[in-house]
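Keep the 3D view open while you read.

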Amino acid sequence: MAAMKHSQQTNYMIQIRNPFAATAILLGAVLATGAFSKAAAQTPMVRNVGTDSAIVVPGEIFKAGSFHRFLLGDNYRAEWTTPIKVPVLNLRTFHGGLKPLEKGGGAQTISLRFVAPDGQEFVFRSVRKRFSVLPDQYKGTIVWYVVGDEGSASHPLGAIAAAPMQAAAGVLHPTPVVAVMPDDPALGEFRKEFAGMVGELEERPHVPKDGDGFAGANKIIGSDTLLDRINADAKTQVDTRALLTARELDLLIGDNDRHPDQWKWAQFGKKDDAPLEPIAVDRDKVFVSYEGLVMNIARYAQPSLVTFDKQYPNPTHLFANAGEYDRRMLGSLDKSVWDSVATSLMQRITDQVIDSAMKTLPPEYASISPRVAAKLRARRDGLRGAADRYYHELWRVADIHGTDADDQATVVRSGEGLVDVRLESGNGTTYFSRRFDLGETKEIRIYLHGGDDKATVDGNVRKSIPVRIIGGNGTNTFVDQSDLFGDRPVVVNNLNIARPPEGEPTLAQRPRASS
């Protein structure tokens, strides 16, 4: 049957006689998919899934001949098509017994959530991804085939190899283990769809009603809830250095799918103002690599189709679906912190750590994994430069966000091209403070959101960074006490500007551009 499917798939390629036409059609198909791309405490390694095992081929459909590989790449076809010995999950003995709760997943991964007797939850996530992003009318066409074949660009068990490196870096994460879902009546309504499926089982980060939370956390929230809270007031704070550590590790391991939904946020201790620490989840795109002639051409139009190699791609292309989130969450960290984190990671991710990560993969991969390890070592050694490039790309334009409470923004121009920005809450507590340099940042945008806010600009300099202040829905006061020679103005976007106290000049009284 597998051979027949492969023959049918090959026929799609043969029917297109003109190789240039074939390339164009494949390119179009790939481009169509681009829009859909989506702390020391650690959870213990899951070691004993069950006593039975099975020999499985994670993705036999990805077998391909030389011409196919020339067009659509080698990718991780060797890993997908190598038979591996995998334990069969024992639903009755694992963690005291697992009861299925609900099916989940997105456009690619399907998952099944379980609960154990102690309230802890686990998630079984399919290794082989489905590609339901195309309408049914494409079924049986070259477009449908190409979209499905690009699943070979992802390493089938990359998330497992990533876990030891995350542990070494101090990044909170669940630790997955590969398993086969049994054909067990205990699956109930989910038996037909999940029985026999190869997947990764991992603890779901949450805090049960009774018992300890993931990694000992008292509270765990999602990114949507986090954004709602940091927009509301300054009480909710994030461990930004921990997040930067996780993001620079993402850069090292080439994970290009780190949008906000791929994070949970844990709070430790009983204090409500304790900073939230990031938990990296859903690592489906570790080591992702889109190879082959078609991908090389497609990258001109869709740069996010990156490769995993010894040299880094442009970090903004790797993080195409996460850049705006990084700008929001990492805005308070200057270059010295980025350099410090990169140096720390280069020291922590040793050759031994990389070798240990490769050894977590099935032993049948022993002859394949060294090529990944060699790339990881080279990327580790070049991490400082890659992180530096991403830093400069992110902060060419700086977006700074206030809250919906009454905030005070203070902008002080000093030296030649230096600008200090400070945000304070209504009670005078500073929750954002950073110095920007004209050599790195070409524009600063300050979003004050709701509340009755006040912004003050001060400093006498000859050149500086343009500052744009965007007020929210409250009644806002802007005071410009700076003296700037040249054409580096403050631009104010707001309709609700109140007059400042008697004797203080307003922005409107100075020769500033207004939009």
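Start with the largest nonpolar core, which has 104 residues; Trp265, Phe287, Trp338 and Ile446 touch the most other members. A nonpolar core here is a set of buried Ala, Val, Leu, Ile, Met, Phe, Trp, Tyr and Cys residues joined through side-chain atoms within 4.5 Å, and buried means under 20% relative accessible area (1.4 Å probe, protein chains only). Helix α9 (residues 240-253) gives this core its largest share, seven residues. Helices are DSSP runs of H or I with at least four residues, strands are E runs of at least two, and both are numbered from the N terminus.

By the way, this is a predicted model: local features need pLDDT of at least 70, side-chain atom pairs count only at pLDDT 80 or more, and totals for chains, interfaces and linings use all residues. Residues are numbered from 1 along each chain as its sequence is written, and side-chain values use heavy atoms, with hydrogens and water left out.

Now, what about the strands? Two of them pair if DSSP finds at least two bridges between them. Strand β15 (residues 443-447) pairs in the parallel sense with β11 (residues 397-401) over five bridges, and alanine 398 has isoleucine 444 in β15 as its bridge partner. β15 also pairs with β17 (residues 467-470), again parallel, over four bridges; there, tyrosine 447 stands opposite isoleucine 470.

Elsewhere, look for an open sheet of five strands with antiparallel pairing, in the order β3-β4-β5-β7-β6. Its edge strands, β3 (99-105) and β6 (177-180), each pair on one side only.

Methods:
Buried < 20%, exposed > 50% of the residue type's maximum accessible area, 1.4 Å probe, protein only.
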